[in-house]
Structures are given as structure tokens and as C-alpha cells.
Amino acid sequence: MSDYNFAYLDEQTKRMIRRAILKGLAIPGYQVPFASREMPMPYGWGTGGVQVSAAVLTPEDTFKVIDQGADDTTNAVSIRTFFQRTAGVATTTSTSEASVIQTRHRIPEEPLTEDQILVYQVPIPEPLRFLEPRESETRKMHSLEEYGLMHVKLYEDISRHGHIATSYAYPVKVEGRYVMDPSPIPKFDNPKLGDMAAIQLFGAGREQRIYALPPYTQVVSLDFEDHPFEASKADHPCGLCGATDSYLDEVIVDDDGGRLFCCSDTDYCTDRRENGHQGPSFPGSEVLA
Amino acid sequence: MRPLLSVRTVSKRYGAHVGCTDVSFDLYPGEVMGIVGESGSGKSTLLNCMAGHLAPDAGEVVFDTRADGPKDTVTMLEPERRMLGRTDWAFVHQHPRDGLRMGVSAGGNVGERLMAVGARHYGDIRGNATDWLERVEIDAARVDDRPTTFSGGMQQRLQIARNLVTGPRLVFMDEPTGGLDVSVQARLLDLLRGLVRDMGLSAIIVTHDLAVVRLLADRLMVMKSGRVVEAGLTDQVLDDPQHPYSQLLVSSVLQV
């Protein structure tokens with residue numbers, strides 16, 4: 001243990017963040033302003049997610065951090081170590097063993113349970129931001145439910161690319177009321193947002209906003225009647241574990257344009273391989289091992 | 001006949017400075033009203049008060065709504081007023097850049113109001129948008145081009161298409177021909193006149209160009225220092241101005 005207060009933040013700050021979280025849970029999809037603190041990491045590295053995690057962690061929790069699905073990237077490792085040091089909580093890479101999971105840009109493949117909390121790192125919480133730069137105006141649009149503009153973005157996609165080309169941070173409507181940015185998760189993950197058993201919390205540190213989805217919330221991805229929403233992924237099985245139902249990363253493996261599609265969720269992939277599943281590229285993947 | 005819009009003693013001050021004061025008039029369906037006056041005479045303030053962009057300090061702006069009949073738009077709830085702003089009202093800005101989304105294609109600009117009132121079928125929205133581009137004499141092939149690639153006159157026509165796509169009943173125009181060269185102005189006026197007559201629109205046009213009101217407006221109000229100094233039929237006011245300021249205004253027009 002260290003000289004830091006449990007989970008780095010002082011108790012008053014955690015209270016303030018918990019109040020924002022509770023308000024967010026009471027109004028699903030509504031962006032609650034909160035007094036974001038300076039954290040010992042740069043903006044864009046998950047300062048919002050870290051503050052939300054700090055506010056919900058208890059000494060009995062088991063903590064997991066993923067970055068684009070992986071447990072072993074710099075961002076994931078450093079945040080995991082941060083809470084190991086400042087909170088002394090147990091950490092894990094296994095999705096099912098974790099009680100609090102902080103994530104950047106993915107939802108784990110394994111379905112979450114009612115005992116778990118999923119904390120998202122959010123860069124820009126305002127889904128209308130790139131269409132309407134004025135905060136005063138976007139707030140008004142949210143409060144008056146004027147969401148026509150969101151469809152203008154999708155319209156532009158279809159007119160330019162022939163289909164809805166937005167592939168991440170795909171806007172959703174929560175409980176028929178608020179339009180929400182699900183953070184830059186791939187749209188493949190969008191269907192998992194709705195009806196999820198776990199609590200989902202979204203923290204944006206630089207933008208000072210927290211929003212939330214309570215368990216079993218209705219979440220609908222926006223679309224057109226003649227261009228319905230489609231949860232897309234690379235059309236391959238995982239090269240390492242052979243899974244056909246998981247979101248894939250494309251990895252360049254040599255200088256001759258050789259590439260490998262493998263699960264972005266490393267825990268899911270490892271689990272499957274330990275249970276004897278093998279993908280087509282598995283023997284030749286020493287580079288990655 | 002019931003007036004579509006009746007304005008009663010509208011006043012707006014900016015601190016000690018008077019924007020417009022004690023303006024009253026009625027606008028009947030299908031009628032085009034011109035408001036002329038020099039810069040700073042309160043024309044635009046009055047227009048913004050009527051269109052709900054500014055809250056007047058005193059007075060009423062009663063609009064004959066489709067659902068509930070005459071209603072004061074000043075005291076009406078904001079969602080309702082904004083709904084009017086994207087259905088029954090249209091606002092054409094002097095600078096197309098203020099009224100268009102410059103980063104969005106022409107089709108998206110026209111379709112925005114449709115999507116704002118609940119259209120969710122891409123094919124229909126696009127069909128409607130191309131149809132409207134043709135009505136304002138923009139080549140339908142340019143539906144996916146951004147307004148930044150359009151000329152000033154085309155941008156202004158696109159702005160008009162974007163505003164008229166939901167079939168409004170009342171159009172507010174703030175110097176719609178300002179900043180355009182004369183031949184483009186003439187085409188735009190011709191187009192506007194056609195649209196106003198075809199769709200039976202009522203319009204309020206703020207301008208300092210007397211030729212514009214002569215062509216478009218049925219009635220005319222002359223404003224000076226925030227007050228209406230003279231009002232009447234357009235031809236009557238322009239041919240036989242009574243107030244010294246109206247006389248000055250009419251005599252100031254350069255003859256070629």
C-alpha cells in the first residue's frame with residue numbers, strides 16, 4: 001500500500017463523481033457534467049475512465065483493463081498498475097473473474113453479468129459535436145430532443161460511400177430519448193450495449209462529462225428504413241483461435257504484405273486456444289506468440 | 001379572413017439603444033410584406049423578433065398555427081416555437097453561409113429539415129432533395145457537392161430550397177439578394193416571385209433595395225430609427241411617398 005488515499009482520489013472527489021454516476025444512471029444517456037480532476041496521465045489516455053473506476057472501486061474488487069480488447073498494451077498495463085499501487089486491488093486479465101472492467105474502444109466478447117461494472121474511456125462525449133460546434137446549441141438540442149442533425153451525418157455517409165460508413169462511435173438512441181455516443185467502440189459492439197446485464201459507465205475527463213446505462217437498458221443504433229444498421233466485422237475467422245463470432249484485428253506479420261486476422265479481445269482468444277480451438281494461421285504465428 | 005401573422009406593439013431595446021419600438025401590423029395569407037429602411041433602422045431586429053431568434057421586450061407576435069389557431073409565439077414554449085421554425089416558418093439569411101451547413105452536401109442541406117421532422121427513408125429524402133434542387137434551378141447532378149463549391153447565387157438558391165422543402169407557410173427573408181450581382185439578383189427575384197405565387201406563400205422581406213420590394217412585395221413598411229414611419233401598398237408608397245424620410249429614400253435611388 002502507499003501514501004495515497006484508496007484509489008488515488010480523495011473521498012470528497014469520489015463522492016462528487018458518485019453523485020454524477022447516480023444521476024447518469026437515473027437518466028440513461030444524459031451527459032452529467034462533473035468537476036474532472038487533473039490525473040497523473042495525459043488527457044486522451046483515459047483520465048475520465050480512471051476517475052470513474054476510482055469512484056466505483058472497493059477493496060474487494062477485482063480489476064481488469066483492456067485497450068482495444070487487449071490486456072497487454074501500454075495503456076492497459078499502466079492503468080492496471082496504477083490501481084494496483086494506489087488501491088491495492090486484485091487485478092486480472094480474465095473477463096469473467098473481474099468485477100470492474102475499464103475499457104478503451106471495445107466491449108469484451110464474453111457476455112457480462114449483473115455483478116460486473118464496465119467503465120468506458122470517452123474522448124468526445126457529444127455525438128453532435130462535429131455537426132454542431134456550439135455546446136449551448138447541442139445542450140438545447142438534447143433537451144428538446146432535436147436529433148434530425150444526427151441523421152444528416154448518416155445521410156452524408158450514404159451519399160458519399162453508398163452505405164453508412166461510420167464504423168465506430170456509431171450513434172445510439174437510449175430508451176427512446178437521448179442520443180448517445182457509445183465512445184469509439186466498433187459498431188460490431190453496438191448490439192451488446194442494449195439489454196446488457198452489467199452497469200455501463202462512461203467517463204470523459206477532458207470534456208468533464210459522465211453518462212451511464214443501467215442494466216437492461218434499451219439501446220437502438222440509428223439508421224434509415226432503407227439502409228438499416230448492420231454490425232459489421234472483417235469477414236474472416238480468427239487466425240489463432242478460429243472464432244467466427246468475435247471482432248477481429250488485422251495484423252501485418254511480415255514485410256511481404258502477409259496479414260493475420262485475430263481476435264481483438266485477447267482474453268477471449270487465449271481462453272479459446274487453451275480449450276483446444278485452433279485457427280488456420282496458428283502454427284505459423286511464432287512472431288506473435 | 002384571419003391574418004396569418006399579427007404583430008402587436010413589438011419593441012426591442014439593446015440597453016439604452018432602441019432596436020425597434022411599437023411596431024404593429026397584420027400579414028394575411030398569400031401576402032408579401034416588404035420592410036425597407038436604412039442601415040440601423042431596426043428592420044433586422046424586427047425580423048428576428050418575429051422569427052423567434054430574439055425575444056422582444058414587449059408586444060405580441062400572434063401566428064395562426066395549423067393545429068391550435070392563433071397563438072402568441074413570444075410566450076409559447078420554446079420546443080413549440082422551434083418546431084414552427086422548422087416546419088411552418090422559413091428563414092432566408094442574407095449570407096448563405098449563415099443559413100447553410102457548409103460542410104454538408106447540397107442534398108444533406110435540403111434533407112436536414114425533412115429529417116428534423118422525422119423522415120427516415122434515405123431514398124425519399126434524396127428524391128425530395130433532387131426535386132427541390134431542380135425547382136431552384138440547380139443541376140440535380142450536384143446533389144452530392146458541398147455548398148463551398150457553389151457560386152454565391154447558387155448558394156442563395158440552395159438556401160431557399162433548404163427552407164422551402166417542408167412546405168412552410170411563412171418565409172422571413174433578410175436581404176435575400178444582398179451581395180449578388182444584378183443579373184443574378186434578377187434571376188433570384190424571378191425565382192422567388194414564381195415560388196411565392198405557386199406555393200401561395202406569405203413572406204416578410206427585409207431589404208434596402210427598393211427594386212426588390214417593387215417586384216415582390218404587395219405592401220410596404222418604411223422604418224426609421226426603430227419606428228414605422230409609413231406603411232401602405234407598395235406602389236402607393238413608392239410612387240407617392242408622404243413621410244419626408246420615405247421621400248428621401250425614393251429619391252435616393254440612382255437612375256441609370
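Because the model is predicted, local features are given for residues with pLDDT of at least 70 and side-chain atom pairs count only at pLDDT 80 or more, whereas totals for chains, interfaces and linings use all residues; side-chain values rest on heavy atoms, with hydrogens and water left out. Residues are numbered from 1 along each chain as its sequence is written, and chains are lettered from A in the order in which they are written.

In the interface, 21 residues of chain A are in contact with 22 residues of chain B, contact being defined as heavy atoms within 4.5 Å. The area buried between the two chains is about 1900 Å², of which carbon and sulfur atoms give 56%; buried area here is the accessible area (1.4 Å probe) that two parts lose on being put together, summed over both. Between chain A and chain B there are 13 residue pairs in polar contact, both residues being at pLDDT 80 or more, where a polar contact is a pair of N or O atoms within 3.5 Å, one of which, within protein, must be able to donate a hydrogen and the other to accept it, and where residues adjacent in sequence count only if both atoms are side-chain atoms. On the side of chain A that touches chain B, the elements giving two or more residues are α4 (135–143) and α5 (148–161) of chain A, helices being DSSP runs of H or I with at least four residues and strands runs of E with at least two, numbered from the N terminus. The largest share of that side, nine residues, comes from α5(A).

Glu78(B) forms a salt bridge with Lys140(A), with the closest N and O atoms 3.2 Å apart. This pair joins two chains, because Glu78(B) lies in helix α2 of chain B and Lys140(A) in helix α4 of chain A. Glu132(A) forms salt bridges with Arg101(B), at 3.8 Å between the closest N and O atoms, and with Arg134(A), at 2.9 Å. Glu132(A) is buried at 4% relative accessibility, whereas Arg134(A) is partly exposed at 48%; buried means under 20% relative accessible area, exposed over 50% and partly exposed in between (1.4 Å probe, protein chains only). A network of salt bridges links Glu132(A), Arg134(A), Arg101(B), Glu112(B) and Arg162(B).

In helix α2 (residues 78–86) of chain B, the buried residues are Arg82(B), Leu84(B) and Arg86(B). Their cover includes α4 of chain A together with β4 (58–65), β6 (89–92) and α4 (106–116) of chain B.

Zero disulfides are counted over all chains, a disulfide being a pair of cysteine sulfur atoms within 2.5 Å. Cys263(A) is in no disulfide, and the nearest cysteine sulfur, that of Cys238(A), is 3.5 Å away; Cys263(A) is buried, with a relative accessible area of 4%. Cys49(B) is likewise in no disulfide, the nearest cysteine sulfur, that of Cys20(B), being 4.9 Å away, and Cys49(B) counts as buried at 2% relative accessibility.

Methods
Salt bridge = Lys/Arg side-chain N within 4 Å of Asp/Glu carboxyl O.
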